Amino acid sequence: MSFDSYIAPSRLPARRLAALVSISLPALAAAQTTTLPTLDHCAAIGASADRLACYDKLAGRAPAPTESAAKQPAPGAVSAPTPPATSLLAPTGAPLPDNTGEKPMSTLMSKYWELDASDKRGIFNFVGYQPNYVLPLHVTDRINRAPQSPTQVAVQQPDFRRDEAKFQLSLRTKFAQDLPLIGGDVWGAFTQHAMWQIYNGTDSKPFRNTDYQPELIYVLPTAKGLRELPFGWQWRYTQLALAHQSNGQSDPLSRSWNRVYVGAGFERGDWSFTARFNQRLNENIETDNNPDLVSFRGRGEFQLTWAQGLHTASVLYRTSLRNVQYGAVQAEWTYPIFKDQPNSLRWFVQGFSGYGETLTDYNFRQTSVGIGVTFLQF
């Protein structure tokens with residue numbers, strides 16, 4: 001028998017009333033919270049998303065699905081395949097950027113020179129410039145055993161071997177970003193290039209040649225209205241630079257030159273093309289170690305680069321713009337050692353034919369090939 005059966009009849013109504021009140025109050029509160037808003041109430045809401053939700057509630061419309069729910073495929077639906085990224089800068093397997101939206105598509109050239117606002121990384125961040133590589137095996141068909149120039153006497157060299165090592169270290173950093181009034185960025189760069197007779201134990205494995213090149217570069221991105229060119233190409237930037245290059249030797253082996261150059265960069269999909277025109281700064285003939293340098297090494301430089309998937313390839317052509325017998329051609333190819341890390345170490349093959357593989361050899365013709373690795377892309 002329950003305890004309630006012993007309650008006096010006179011007390012039952014009071015207890016039942018208290019129970020009814022305890023049940024009714026939450027129900028009344030819930031009913032009050034579900035009261036439909038009025039138009040005036042919705043119109044007074046400041047946030048647009050909350051105001052729209054209020055109108056939807058007033059109209060009896062179901063709330064819109066969240067972004068994550070909207071992206072879920074319907075039951076039984078087959079998802080469209082995601083195209084792989086062709087840029088080496090994109091994560092492995094990432095989709096290509098959508099060039100139909102408002103966000104600009106980031107390209108290889110834009111990432112390299114930080115042309116678009118979305119690619120800006122600020123100042124004093126050191127990144128790669130020209131290819132950084134180590135070639136444990138570099139073989140040439142000829143060795144310059146008596147370097148000379150019109151103002152420097154011939155210097156007999158040791159019995160250098162035709163097989164040696166070659167390496168290059170090249171860095172740059174941005175000194176100023178988005179300059180006022182004129183816009184653009186100012187970069188500083190330094191490149192060191194060396195030939196090492198590592199297999200020549202007889203002569204204590206000397207460095208046959210080392211070149212040093214500091215540069216100051218101003219890069220101006222092309223305005224959107226001027227980018228479009230025929231056949232789908234785009235003009236992406238213009239540059240103006242001051243450069244010095246020397247081999248760090250004393251007379252009569254000293255070689256050096258100062259120059260200004262103007263250049264431009266163009267791209268189309270996986271292809272990019274750069275052009276540079278050099279103007280050497282004149283020196284007195286008494287102090288000029290190599291007065292005919294531009295006639296051999298070239299006044300113009302043109303480079304075509306292809307980067308798709310895991311492969312990259314480039315061809316550089318240097319020309320005097322006056323005589324096709326001079327200048328040089330250099331071809332390079334890279335492929336990642338670890339396919340899941342395309343920006344890490346990469347196999348590197350380089351071929352060269354012409355004048356000026358080194359500054360000491362600016363007037364000496366040779367053909368060479370080297371095999372090794374490249375690193376620190378940019």
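Colleague: Is V369 buried, partly exposed or exposed?

Modeller: Keep in mind that this is a predicted model. V369 sits in strand 13. The class "partly exposed" covers what falls between under 20% (buried) and over 50% (exposed). V369 has a relative accessible area of 42%, so V369 is partly exposed.

Colleague: And how much accessible area does the nonpolar patch on the surface have together?

Modeller: V369 is one of the members, along with L137, V139, Y199, W333, W347, V349 and I371. Strand 2 (132-140), strand 12 and strand 13 (365-375) are the elements that give two or more residues to that patch. Together the patch residues have about 680 Å².

Colleague: Which residue stands opposite A313 in strand 11?

Modeller: Strand 10 (residues 311-319) and strand 11 (residues 328-336) run antiparallel, joined by seven bridges. Strand 11 also runs antiparallel to strand 12 (residues 346-355), with nine bridges there, and A331 stands opposite G351 in strand 12. As for A313, the residue opposite is W333.

Colleague: What is phi of L376, roughly?

Modeller: L376 comes in the segment after strand 13. L376 counts as partly exposed because its relative accessibility is 40%, which lies between the 20% and 50% cut-offs. Its phi is positive although the residue is not glycine, and the value is near 50°.

Colleague: Where is P252, and what is omega for the peptide bond from D251 to P252?

Modeller: P252 is in the loop between strand 6 (234-246) and strand 7 (256-268). The bond from D251 is cis, with omega near 5°.

Key:
Residues are numbered from 1 along each chain as its sequence is written. This is a predicted model: local features need pLDDT of at least 70, side-chain atom pairs count only at pLDDT 80 or more; totals for chains, interfaces and linings use all residues. Side-chain values use heavy atoms; hydrogens and water are left out. Two strands pair if DSSP finds at least two bridges between them. Helices (H or I, at least four residues) and strands (E, at least two) are DSSP runs, numbered from the N terminus. Patches are made of residues with over 30% relative accessible area and no salt bridge: like charges are joined within 9 Å, nonpolar side chains (Val, Leu, Ile, Met, Phe, Trp, Tyr) within 5 Å. Accessible areas come from the Shrake-Rupley method with a 1.4 Å probe; for residues, only the protein chains shown count as cover. A salt bridge is a side-chain nitrogen of Lys or Arg within 4 Å of a carboxyl oxygen of Asp or Glu. Buried means under 20% relative accessible area, exposed over 50%, partly exposed in between (1.4 Å probe, protein chains only).
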